[in-house]
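Opening the notebook on this one. I want to go through the charged pairs and then the aromatic rings.

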Amino acid sequence: MTYDFAPLFRTAIGFDRLARLVDNAAQNPAGPSYPPYNIEKLGEDSYVLTMAVAGFGPEDIELTVQDNTLVVAGRLANATPAGEVLHRGIATRAFERRFVLADHIVVDNADLTNGLLRVAVRHFVPEALKPRRIPIGTGAPTIPAQAAPEVANDGTAAPTAEHAA
């Protein structure tokens, strides 16, 4: 299945990562199924990832966040049973699951209770990215023309006529 993102790229900037994400998901539809997990939305900005990791302790599981990817890896240090195993229904093999995180998703904490690893994440919008209302004044301007420096396209102060010479 191929998607044409050309219309999106004509009017949007910075969505190339989204296109790569969709392409990767389409190319690899059957991912690993162990360990099983749930992703729940608890509120407007909070989620919890619950993963069934029976037999693993906190020292056997490693959580890492890097480049908007949450990696959950589990490895048992000593998987040797005390006696003869007649039936093995509880998997104790090593695993690694990757979850792509949207921008501004932060991992708050993780808890392992009764064989369930719960990872709490939330969407955190930095103050600088939140919409803010700009009041419009009336009357005389409050900012003198000389006080506001001109800004170049790269965010640096543009040279003035005095400094250009």
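**Salt bridges.** I started with Arg122, which forms a salt bridge with Asp108; the closest N and O atoms are 2.9 Å apart. Arg122 is in strand β7 (residues 116-123) and Asp108 in strand β6 (residues 105-113), so this pair ties together parts 14 residues apart in sequence. I note that this is a predicted model. I looked up accessibility for both partners: Arg122 comes out partly exposed at 32%, and Asp108 is partly exposed at 39%.

How many salt bridges does the structure hold? I get 2. Glu96 and Arg98 meet in one, at 3.1 Å from N to O. Here Glu96 is partly exposed, with a relative accessible area of 37%, while Arg98 counts as exposed at 56%.

**Arg97.** Next I checked Arg97, in strand β5. The side chain of Arg97 reaches the backbone oxygen of Tyr34 at 3.5 Å. A polar atom of that side chain also lies 3.3 Å from the backbone oxygen of Pro35.

**Aromatic pairs.** Tyr34 took me on to the rings. My count is 3 aromatic pairs. For Tyr34 and Phe95 I get ring centres 5.9 Å apart and planes at 90°; the cut-off for edge-to-face is over 60 degrees, so this pair qualifies. Buried or exposed, I asked of Tyr34? It is buried, at 14% relative accessible area. Phe95 is buried as well, at 5%.

Tyr37 and Phe99 make another edge-to-face pair, 5.1 Å centre to centre with 85° between the planes. Tyr37 belongs to strand β1 and Phe99 to strand β5, so parts 62 residues apart in sequence are tied together. I have Tyr37 as partly exposed, at 34%, whereas Phe99 is buried, at 11%.

**Back to Tyr34.** I also checked which rings link up around this residue. Ring pairs join Tyr34, Phe56 and Phe95 into a cluster. The charged end of Arg93 sits over the ring of Tyr34, 4.1 Å from its centre. My summary for Tyr34: its ring pairs with Phe95, and its backbone oxygen is reached by the side chain of Arg97.

Note on methods: Residues numbered from 1 in each chain as written. Predicted model: local features only at pLDDT ≥ 70, side-chain atom pairs only at ≥ 80, totals over all residues. Heavy atoms only, no water. Phe/Tyr/Trp six-rings, centres within 6.5 Å; stacked < 30°, edge-to-face > 60°. Buried < 20%, exposed > 50% of the residue type's maximum accessible area, 1.4 Å probe, protein only. Helix = DSSP H or I, 4+ residues; strand = E, 2+ residues; numbered from the N terminus. Lys NZ or Arg CZ within 6 Å of the ring centre and 35° of its normal. Polar contact = N/O pair within 3.5 Å; in protein donor to acceptor, adjacent residues only side chain to side chain. Salt bridge = Lys/Arg side-chain N within 4 Å of Asp/Glu carboxyl O.
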